[in-house]
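Take a look at the model below before reading on. This report then walks through some of its parts.

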Amino acid sequence: MRRLRIAALVPLVVGCSIMDPEDRAELKRQIAAMPHDNLMEMKRWTMHELAKEWLETRDKNDQVGKVICRDNEGGLWSGWYDRPHQFMTVRDMIKCLKEKPDLSSYVFCAEEFARYVVPSAQGEIKALLPEFTDIECKYVWDFRYDPEKVDPKMVDIDAIESDDIIQAMITLPGPPPGWAIPRFAPLLCPLGAGEGWGCPPRPSDSFPTGGEPTDPPGGDQP
C-alpha cells in the first residue's frame, strides 16, 4: 500500500478532551483544510475501507461478477453463455482490496479481474471452435453487487464526506500500515478511537463493568 502522508499535514492539537462536542467539528475543519491531493487520497482510502467492511458481511462464495461469451460461426451470433470457473467471488474481491497496493477500489478490482480473465476466456473458446470464428467475451456484474446498486460511497469519491472519513478512522484499531502517526489523534480519542491511534486506555477497557474496583463486601479487613 502506498505510504499515506495525510496525517503529517494536519496541525497537532495538544491535549485530549473527554467527550468534547467541539472535537468532531474541529477534526472536520482540519480535514477540509487539507491540500486537495491529500484529501483525495484520504477519500480513496475511505472508499477502500467501506468496501472491505461491507464485503465482510456478505457470503464469501457469492458471485460478484462473471465472464460471458458468444461466438459467430457462419454469420450467426450465438446467445451469451457463461464460462465455467470464470467468475469473481466476494472472497476474490476482498483479497484484491487487502493485497493490492495503492488503495485498490471496488470497481478497480473488478476491472483488473476482467482485464486478465476476458482474454483468457476468449483464448479457451478459440481453441475449441473452427478457425476464423468471431468471439466476444465481457465481464458482467451480479445484480446484487452492481456498482449502481451498492452504497455510492464505495464507488464514488465525490460521495465521501468528512464524517465518513472520521468514522473510517475510528473503526480501525489503529492507522493503516505505512500511515504516519496521526497528528489529529487528540481529536479522534474522545470520539472513540482505540489505543492503536495513540489514545489512552478508556476506563471500560480496564474495567468492563465501569469505574474502578470497589472494596470487597464487609469493608476493610483486619
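## The second largest pocket

This model is predicted. Its second largest pocket is lined by Met 88, Asp 92, Lys 95, Cys 96, Glu 99, Lys 100, Cys 109, Glu 112 and Phe 113. The volume of this pocket is about 150 Å³.

Which helices each supply at least two residues of the lining? They are α3 and α4. Helix α3 gives the largest share of the lining, with four residues.

Helix α3 covers residues 90-99. Which of its residues are buried? They are Val 90, Met 93, Ile 94, Cys 96 and Leu 97. Seen down the axis of α3, these buried residues fall within an arc of 160°, so they line one face of the helix. There is a general rule behind such patterns. An α-helix has 3.6 residues a turn, so residues three or four places apart point the same way.

The face of α3 turned away from the buried side looks different in kind: Lys 98 and Glu 99 sit there, and they are exposed. Glu 99 also belongs to the lining of the second largest pocket. Cys 96, a buried residue of α3, is in that lining too.

What do the buried residues of α3 pack against? Two of the partners are helices: α2 (36-55) and α4 (106-128). The strands β1 (63-72), β2 (81-89) and β3 (134-141) are partners as well.

## The three-stranded sheet

The sheet is open and has three strands. Their order is β2-β1-β3, and the pairing is antiparallel. The edge strands are β2 and β3, and each of them pairs on one side only. On average, neighbouring strands are turned by 20° against each other, direction ignored.

Helix α3 packs on this sheet and touches β1, β2 and β3. The direction of α3 makes about 45° with that of β2. Helix α4 lies across β1, β2 and β3 as well, and runs at about 155° to β3.

Is β1 mostly covered or mostly open? Strand β1 is mostly covered, with seven of its ten residues buried.

Another bridge links Asn 72 to Asp 134 in β3.

## Glu 73 in the loop

Glu 73 lies in the loop between β1 and β2. Is Glu 73 buried or partly exposed? Glu 73 is partly exposed, because its relative accessible area is 44%, a value between the cut-offs of 20% for buried and 50% for exposed.

Which residues does Glu 73 contact, leaving aside its neighbours within four places in sequence? The contacts are Pro 130 and Thr 133. Glu 73 and Thr 133 are 60 residues apart in sequence. In space, they are 5.3 Å apart, C-alpha to C-alpha.

Methods:
Residues are numbered from 1 along each chain as its sequence is written. This is a predicted model: local features need pLDDT of at least 70, side-chain atom pairs count only at pLDDT 80 or more; totals for chains, interfaces and linings use all residues. Side-chain values use heavy atoms; hydrogens and water are left out. Buried means under 20% relative accessible area, exposed over 50%, partly exposed in between (1.4 Å probe, protein chains only). The arc is that of the directions from the helix axis to the C-beta atoms. Contact means heavy atoms within 4.5 Å. Two strands pair if DSSP finds at least two bridges between them. Axes are lines fitted to C-alpha atoms, for helices over the stretch in contact, and angles run from 0 to 180 degrees between N-to-C directions. On a 1 Å grid over the protein atoms alone, a cavity is a set of points where a 1.4 Å probe fits but cannot get out, and a pocket is an open set with protein on both sides within 12 Å along at least five of seven lines; lining residues have an atom within 4 Å of a point. Grid points are joined across faces, edges and corners, and a volume is the space filled by probe spheres set on the points.
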